[in-house]
Amino acid sequence: MLGSPCLLWLLAVTFSMVPRTQSLAPQDLKEEDKDETPRPRPPLRAVPCDYDHCRHLQVPCKELQRAGPRACLCPGLSSPTQPPDPPRLGEVHVVAEDGSAVVHWCAPFSPVHQYWLLLWEGNGAPQKGPPLNSTVRRAELKGLKSGGAYIVCVVAANGAGESSVPQAGGEGLEEVGGPPFGPCRRLAVPPRPLTLVHVAIGVGTVLALLSCSALVWHFCLRERWGCPRRRVASRPAAGL
């Protein structure tokens, strides 16, 4: 009989613990579900766009931002309400055989709509080249004179105006020719190789003609006045 109350007490304690166990089970499941939920990935860091100020036919940076698979950053530019800064003129490759030169430049850190080249020969007015779109970084100059000296400048323009260049006859244009950090550069066209050959042939021909003329003149004088040695040798024979 003493065992039956203990048994009943154990059963009562067991049944009283069952609801508590069932009530905790959903909470544990919710916590497990929360732990298994994937956390949002951090946003990708923006990288600089593949944009080079000196690259020929460079796509505008705004288009690179729209076309790229991920966000990229464009270099800072000045306000579009201000004229652009002067471009930086780089390498100038002269081809003496063709009388031409290839000019390369880098875009300024400003909005640019178009470029063009200015060419000075002496102190006269500059020759203005055709307009070039904003993707161009290289242009060719033709019709340069052999042995001539020029000054070439590149100009950038937008809706607010154009970049500054030295004026003809001013001190700025006379000082052109230093390090290639400005928009202008002196350009010297060497003589063409064929011209040098023609000059050498002409000088050789003139020297040959002078030599022939000297020989002919010498023989003509000799025939006219005779040889002095023959006269000296013939006088004793006449006295005998």
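1. Two strands are taken as paired if DSSP finds at least two bridges between them. The model is a predicted one. On that criterion, S5 pairs with strand S7 (residues 132–133), because 2 bridges join them, and the two run antiparallel. Within this pair, Tyr-115 has Leu-132 of S7 as its bridge partner.

2. As for the chain as a whole, there are 5 helices and 11 strands. Of its 240 residues, 22% are buried. Among contacts with a separation of 6 or more, 66% are between residues 24 or more positions apart.

3. How many of the 7 residues of S5 are buried? The count is 6, so the strand is largely enclosed by the rest of the structure.

4. A second hairpin is formed by S3 and S4. Strand S3 covers residues 88–95 and strand S4 residues 100–106, and they pair in the antiparallel sense over 6 bridges. Val-94 is opposite Ala-101 of S4. Between the strands are 4 residues, and Gly-99 has a positive phi near 65° in this hairpin.

5. Ser-100 belongs to strand S4. Is Ser-100 buried or exposed? Its relative accessible area is 5%, so Ser-100 counts as buried, the cut-off being under 20%. Leaving aside residues up to four places away in sequence, Ser-100 touches His-93, Val-94 and Val-95, and also Glu-140, Leu-141, Lys-142 and Leu-144. For Leu-144, which is 44 residues away along the chain, the C-alpha separation from Ser-100 is 5.7 Å.

6. Nonpolar side chains tend to be buried together in soluble globular proteins. The largest nonpolar core in this model has 20 residues, of which Val-103, Trp-105, Tyr-115, Leu-141, Leu-144 and Leu-187 touch the most other members. At least two residues of this core come from each of S3, S4, strand S5 (114–120), strand S8 (138–141) and strand S9 (149–158). S9 gives the largest share, with 4 residues.

7. Which residues does Val-103 touch, not counting those up to four places away in sequence? They are Leu-89, Glu-91, Val-92, Arg-137, Arg-138, Ala-139, Leu-141 and Val-152.

8. Val-203, Val-206, Leu-207 and Leu-210 make a nonpolar surface patch of about 370 Å². Leu-210 lies in helix H4 (residues 193–225). With a relative accessible area of 54%, Leu-210 is classed as exposed, because the cut-off for that class is over 50%.

Technical notes: Residues numbered from 1 in each chain as written. Predicted model: local features only at pLDDT ≥ 70, side-chain atom pairs only at ≥ 80, totals over all residues. Heavy atoms only, no water. Buried < 20%, exposed > 50% of the residue type's maximum accessible area, 1.4 Å probe, protein only. Contact = heavy atoms within 4.5 Å. Patch = residues over 30% accessible without salt bridge, like charges linked within 9 Å, V, L, I, M, F, W, Y side chains within 5 Å. Areas by Shrake-Rupley, 256 points an atom, 1.4 Å probe, with all protein chains shown as cover. Salt bridge = Lys/Arg side-chain N within 4 Å of Asp/Glu carboxyl O. Core = buried A, V, L, I, M, F, W, Y, C linked by side-chain atoms within 4.5 Å.
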